[in-house]
Amino acid sequence: MEGLKVSNANLTVYLHPSKSRDASEAILRELSSLLFTFSEALDGVVLAYDINSLDNKAAKILSGVIPYFGVPLSVDLLLFSPKPDMLLEGKVVKLSQESIHVVVLGFSSAIITVKDIREEFVYKTKHEQDVYASKSHKRHVIKVGTMIRFSVKSFDEEILHIYGSLMPDHTGSIHWLEKHSELISHTNKIAKKRESEGELTTVKQDAIDGKISPLDSVQKIKRSKKQKIQEES
Amino acid sequence: MGRVSGAEKQEFSEMENAEFSDLQLICHVRDALSAVTLGDRENYDELVGYLHRKESLNPDDIALLETTLKALSGTVSCIDSVHHESLLSAVYRMSLWNYGTSIMDALIELIVSLAASNGKYIDWSLELLVNNFTPPYHLMDSLKQESGIEKKNKVLSRVHAAFEAIAVLVPLAPLRLSPIVVQRMPLIYSKGPEILMYVENMLKLESGAIGEIVGVTMLPAIVDRLIELDVEIGWDGLLQEDAKGIFEMELEDAEFADGDGDDNMVWSKIFNFGFILMLTCQADCIQAWLDQAVGVVKWLCEVAKLHMVNSGKRPRKQLGHRVISSAINYNSQEGKSLCSKLVVDSQLTVNFSANFCVNCKPAAEYLNRKTLEGNTIAEKLDSLIELTFLHLESCQSSGRLSEVFDVLLRSFQRTILNAYKSKFTQFVVFYACALDPEDCGVKFAMVLTDMFRSNFNPPNTRMSAVAYLASYLSRAKFVSAALVASILQRLVDWCLNYCQSHDSVMNPRAHQVFYSGCQALMYMLCFRMRSLMDAPRLKMQLLNMPMEPILQHKLNPLKVCLPTVVVEFLRQAKAAKLFMTSESFAFDDMLESDLSRAFGGIDRLDAFFPFDPCLLKKSESYIRPHFARWSKIKCDGANDGDLSESGSDASDDEFVDMNENDMIEDDMTVSVQAGLDFDPDLNRMSITPKNKFLLHFQQQNARMPARIRPSTSPESL
């Protein structure tokens, strides 16, 4: 699945003086407030964090009416940032004539409307269950509980809502796709897939190394500022 | 679009034909919606028109509305927030309470589909559902009837099911629900039934399927609202600033000589008697009571007249004012009637005012809402607390009380503990402890003890915590003597430690935490000494506790702590033969002093006994079986009467100023102050029997077959 990356960030967490007795708990609480929210500075939804080390530099006290002190940290963050045309995987929770509702990673809701579902899939009611069945491949069936792979059309950052599409050929029920990937006989399709897979792995590798953008320092400053604003508000 | 509305209307009403399939309907609606973007609003406006019909009683209209809603559910992805604004606002204004079950279901389906289709509509859908927590104003009164209750169940079950459905489709929706629900809580000045209904829904959310996420914010929000109501009530049930405004005072203070101290004592007793008479006289109806009450007033007037004739002095005006204002506020129904009777019966008014030099203003000026509002707020608080009690009971039967208690305890520490003299809200925690003494009861005591001992907490918090601890352990019947002994041990150890590390003289302000600890010790022992002495092991533990060095230390807690507490403690200690050094009681000649009021600070935390008897009728009936009353503890010697009530600002509370021979026990005092009628005839406010009746009725209805109920919904066709 694409869209997930691990990146390392140098953050500064600003704490209120009343928390100075138990700073580590306060830091964890501040980081937890980031969870499941989209952060522009980090370019993604923070799913998990792991504190690498509390840099042993001293925390700087800000001058002001309330003297917050800033603790510098180095944190590993698991980020989720779906971009258009990425392939995501999720579980179907509801099917209707008009749309398929999917939940990705247990927290993000996705919707695929009927106009984004390719002609191959037809809505049917089989054995009192609503399904989307493929016309060309009899066993390719999508029903409630199926894990499907779909491509991203757009992503609503505020509510973490994904608009998806089942138009591309290599989308559909994952179970079926894995089993029958070799049945896709057309050589072009296979070649295309290999190409796109290669790209995906390189992107993933870069992401894990955490050295994606040369604008790291700029991001750092942005992040710290963002933290400060968050702390003070 | 070739087809025009006329043909469609015909088609819509011919539902039985089934020529019009769902798919065709959906296509039609989809076309209508997309046509709006091109400027063609005709079909769209017609659709919106169907939604506006509220008084749709005939089956055709109902079918039409239902079909429209269902078709819209199938086309949610085509609904645009800008182009179809009138449609959305029409749906927003629809209230589930106005319709039958089929339309309710269709509407809920539409809301859920909208929420799942687009992130923009999630907040909108949640708000719409929260709006349905309370019925529209014209339906509020019907809730008291059986049909209203049935409707309420139908609507609320669907609303909460909708929340769960949305949560399945949009997992982050519950996170967004909490702030919406809390923001839309009715204010404390809203009508009682509205607040009650809303809080009922909040509690339902807390115990429902999404309770894990939402529940953490619901209970604290409810407790906050309880506190807000609580602080509006003055100490004796009156709104402080309005209490004296009922009858306008004449400024005749100068006329009275100061030397009528004795007279005041006599009048005090007379009024006690008259007031008790008024409140406890047996009557089957208001009129009969009223007659008797008026009789009492007349009698008081006669006595006053006699007094004037004999002594040439009129009784102080405050006394006259007290009778009527207390009657009004403690016993709202009857009191109001008495006031209006006084106002109407001019002769009576003249007599009353003449004798008590009170100037009664004519007519309804004094029966204004604000004056009596203090009592309605008390009623609201009472009902809300009762609702919370019922919820706690249901939590206990489903086994969740422990987690709920943790949330409650955190809320207590943050809000109730530091609220300036919160009067009744803390009983919620008391009741939760009563339901589960081994777990919650012990936890509460431990948390309070730790808060007191930890010097990270500010002094006021520590003093408040120990006041709560002392009052709780004294009043909770369900707390074991062993727990009391262990807590006492810890307190004694802390006090001793403090004494040993502070070698200074008596200074109420500087050592206020220490003095509050000592007072807590003594207060607890006043209540619990008997039970501790009865158990041999605990008796040994008590005798071994180093209390003497604490009490005899330079810091001199016996002089600083509240005199009533000290005196009672010493009396009991003497009777129990504690502190016997060389066969004489060590503290025989302890004197009271004026310093006793100084250590409490501006909040008077020295005279703060939070779990004094609850003055709210309904709540008190729940608390009663678990609550230890003072009068039952008999010591050798005269019963000193109430110990705790005198702890309040006793200066203007004349009913409590009693001498030792009064023998007015806890029970009586409570009934005097709160109009608590133990006589069921007068207890018209009781809700319990009615509830049981309604529950029974509901069960009966649930078993009635559907055919018997007249139904106009399409499904019965």
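Hi everyone. A quick definition to begin: a residue is called buried under 20% relative accessible area, exposed over 50%, and partly exposed in between. By that rule A:Glu89, with a relative accessible area of 23%, is partly exposed. Please keep in mind that what you see here is a predicted model.

Let me stay with A:Glu89 for a moment. Its salt-bridge partner is A:Arg149, and the closest N and O atoms are 3.5 Å apart. A:Arg149 sits in strand S12 of chain A and A:Glu89 in strand S6, so the pair ties together parts that are 60 residues apart in sequence. Is A:Arg149 buried or exposed? A:Arg149 has a relative accessible area of 16%, so this residue is buried.

Now for chain A as a whole. Chain A has four helices and 14 strands, and buried residues make up 40% of its 233 residues. If we take contacts between residues at least 6 apart in sequence, 61% join residues at least 24 apart. The accessible surface of chain A comes to about 13,400 Å², with 54% of that belonging to carbon and sulfur atoms.

On to where the two chains meet. Chain A brings 18 residues to the contact and chain B brings 22 residues. About 1,600 Å² is buried between chain A and chain B, and carbon and sulfur atoms give 60% of that area. Which residues of chain A lose the most area to chain B? They are A:Arg21, A:Glu98 and A:Ile159, together 33% of what that side buries.

How many salt bridges are there between chain A and chain B? The count is one, and there the side chains of A:Glu158 and B:Arg176 meet at 3.2 Å, N to O. We also have five residue pairs in polar contact between the chains, both residues being at pLDDT 80 or more. On the chain A side, strands S6, S7, S8 and S13 each supply at least two residues, and S8(A) gives the most, with three residues. That side divides into seven nonpolar, six polar and five charged residues.

Finally, two salt bridges within chain B. B:Glu127 pairs with B:Arg184, the closest N and O atoms being 3.5 Å apart. B:Glu127 lies in helix H7 and B:Arg184 in the loop between helix H10 and helix H11, so parts 57 residues apart in sequence are tied together. The other joins the side chains of B:Lys443 and B:Asp406 at 2.8 Å, N to O. Here helix H22 holds B:Lys443 and helix H20 holds B:Asp406, so the pair ties together parts 37 residues apart in sequence.

Technical notes:
Residues are numbered from 1 along each chain as its sequence is written. Chains are lettered from A and ligands numbered from 1 in the order in which they are written. This is a predicted model: local features need pLDDT of at least 70, side-chain atom pairs count only at pLDDT 80 or more; totals for chains, interfaces and linings use all residues. Side-chain values use heavy atoms; hydrogens and water are left out. Contact means heavy atoms within 4.5 Å. Buried area is the accessible area (1.4 Å probe) that two parts lose on being put together, summed over both. A salt bridge is a side-chain nitrogen of Lys or Arg within 4 Å of a carboxyl oxygen of Asp or Glu. A polar contact is a pair of N or O atoms within 3.5 Å; within protein, one must be able to donate a hydrogen and the other to accept it, and residues adjacent in sequence count only if both atoms are side-chain atoms. Ala, Val, Leu, Ile, Met, Phe, Trp, Tyr, Cys and Pro count as nonpolar, Asp, Glu, Lys and Arg as charged, and the others, Gly among them, as polar. Buried means under 20% relative accessible area, exposed over 50%, partly exposed in between (1.4 Å probe, protein chains only). Accessible areas come from the Shrake-Rupley method with a 1.4 Å probe; for residues, only the protein chains shown count as cover.
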